[in-house]
Amino acid sequence: MSTDTAQARGRRIVPVYAGYLVAALVFFGPVVFMLWSAFRRNVDITGSIFDITTPLTLGNFTNLFERFAFVYYIRNSFVIAGGSTLLGLILGVPAAYVIVRRRLASVGFLTLLARMAPGVMFVLPLFVLSVNIGAPSNTGLNFLLLIAAHLIITLPLCIWLLIPFFEDIPISLEEAAMLDGCSVIQRFRNVVLPLALPGLSVAVTLSFIFSWNFFLFALALANNDTLPLPVIAFNFIGQGASDYGGLMAASALISLPAFLLTIFAQRWLVRGLTGGAVK
Amino acid sequence: MTATMTTSTKTARRGEHGKDHRPTRRRAGPAPVARGVWPLMLPAVIVTGFLVILPVLYTVWLSVSDRRPDGSNSGFVGWANFSRMLDDPLFWNSVRVTLFLFVVCLVVETLLGLALGYLLSIDVPGRRIFQGLMLIPAITASVAVALVWLLIYDPSLGAANQILDAVGIDPVVWLGDPNIAPWSIAIVDIWQWTPFMALIIAAGIRSLPSDPFEAASIDGASNWRKARHVGLPLLMPVISVAVLLRTVDLVRFFDTVYVMTQGGPVNSTNTLNVYGYRTAFIDQQASYAAALQLSLLVLVVAIAGLFTWWRRRQTIEY
């Protein structure tokens, strides 16, 4: 490895790129197929996949918005993912700070246990709760309940993503602020938070995507007015028997934030996906 | 949780006093700036308690009582739900399905992940960008993944059968045949998570020290022997982290299965998690579903524990 000459590097570029090509075909193929199908007419989707000359259309998307009022489902997804991200941040930022400053790594790990428990375990009690408080027929309550449920995803994620950022803040800055007579809250707000801003943006993006993608809680708890994108796309399967174009357009819409994230924040994605096991 | 925090505060203080004479005392105990910060954590602790601990306790209560579909509960019934579970062939079927998917997916994902991880660890221009793009399957919403694979697996119009047809293989009933459907579901999971596995392994390979390899070269070891007897043992901690993460997710296998087959055909893809969900929300037997879910939690914790133990043994060995 250390005796790396330009010549040796040149020789292995070709086989490595050949490997990349195979991997790309296998692992990007279905995603490209989804995006492509989202822009094809249904007659063409049900035709040959080798016929790449068929015309492209926006029809599947306009159909989603005109016939199925997708704007509302997108709004619902935004409310749930946005709400749970915001709450996760409000609760998670101070918690991560305390974990770092008091070296409570074990407490941080406890929150991660929430990730390990099967989601269905939370759904049943939450469903009983929702029936008892009348959430199924009350849109506002239903949104609140879904946001609370999605906190189970966003809160541990926020805490775990923020810990390394707080670790990087030099303690001397806080000591200086303390000598100037700042209280804990002032120090936290005026010294720590501004320095942790990059971390906050990472936590916001990843929490939002993970909450946006999450399927199970809304499947069990949402009512007709609060259905988010993944659940309406699932309900679609039964309705439009062979409207594959619509299904693929819906899938593309669901995946859009994640695709943007892969482009802009991929470095942090690994940590988010591995729950902090790999930096 | 509050109790844990108080204890650790005390321990930290004691540590500070005990090491008073040492110059690096700040490293041992909480720094002065860390005093009095813990109330900032209180909201998160309380919410976690409400969101995580209460539901688990309630599930335990449900599992030993009898909640009816109309919402009434006839009270404590002892082990009735659990003994029913042990006599339920559908429960044992779902255990079998869960273990099948777990073993098949994990083995294939680890082997392919090693190969792809090696590829991703080699330094060539564009490596970082390609590595990032490889995350796309893992980050795509599982519902979207399931939907596109539904189209790929479509018996008559699907891409999979069209490709098979092009190379002269008879069409396969991917999701309609109880013998094939579990494999089809496994393929989707393998597709979605192998790159993720590879990425973790690639990071591990790139952080390997070069000395042991050079020593092995001097001893005249072949490349294969170096990889097998030097690289693999050194990589074990990284691989086991990846395996543990996948294990936790595979045992709880839900989204893809529920969207694609809802556990069918003939319960051939009915994982424990899907069975638990269907029992609760389609059959409306909350108490029995609670018992099923607790057994799933036990399974998750047991497997996680087993791996932790195995990992510790591995570390000692090398």
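Two strands pair if DSSP finds at least two bridges between them. Helices (H or I, at least four residues) and strands (E, at least two) are themselves DSSP runs, numbered from the N terminus.

Some ground rules before we start. This is a predicted model, where local features need pLDDT of at least 70 and side-chain atom pairs count only at pLDDT 80 or more, while totals for chains, interfaces and linings use all residues. Residues are numbered from 1 along each chain as its sequence is written, and chains are lettered from A and ligands numbered from 1 in the order in which they are written.

**Exercise 1. Work out how β1 and β2 of chain B pair.**

Step 1: find the strands, β1 at residues 65–67 and β2 at residues 73–76 of chain B.
Step 2: get the direction. The two run antiparallel, with 2 bridges between them. One residue to check is B:Arg67, whose bridge partner in β2(B) is B:Asn73.
Step 3: look at the link. The strands make a hairpin with 5 residues between them, and B:Gly71 in that turn has a positive phi of about 100°.

**Exercise 2. Describe the side of domain 1 of chain B that touches domain 2 of chain B.**

Step 1: The assignment (automatic or from a database) puts domain 1 of chain B at 2–80 and domain 2 at 84–317.
Step 2: count contacts, meaning C-beta atoms, placed from the backbone, within 7 Å. Here 9 residues of domain 1 of chain B meet 8 residues of domain 2 of chain B.
Step 3: ask who contributes. Both α3 (42–63) and β1 of chain B supply at least two residues to the domain 1 side, and α3(B) has the largest share with 4 residues.
Step 4: sort by class. Ala, Val, Leu, Ile, Met, Phe, Trp, Tyr, Cys and Pro count as nonpolar, Asp, Glu, Lys and Arg as charged, and the others, Gly among them, as polar. That gives 4 nonpolar, 3 polar and 2 charged residues on this side of domain 1 of chain B.

**Exercise 3. Do the domain analysis for chain A.**

Step 1: domain 1 of chain A is 6–59 and domain 2 is 69–273.
Step 2: the contact uses 9 residues from domain 1 of chain A and 8 residues from domain 2 of chain A.
Step 3: α1 (6–38) and α2 (42–45) of chain A each give two or more residues to the domain 1 side; the largest share, 4 residues, is from α1(A).

**Exercise 4. Characterise the contact between chain B and chain A.**

Step 1: count 81 residues from chain B and 79 residues from chain A.
Step 2: on the chain B side, α3(B) brings the largest share, 11 residues.

**Exercise 5. Decide which helix of chain A has the lowest mean pLDDT.**

Step 1: pLDDT is the predictor's confidence in each residue, from 0 to 100. Chain A has a mean of 82, with 85% of its residues at 70 or more.
Step 2: among the elements of chain A, α5 (residues 105–116) is lowest with a mean of 63, while α4 (residues 70–101) is highest with 91.

Methods. Contact = placed C-beta atoms within 7 Å.
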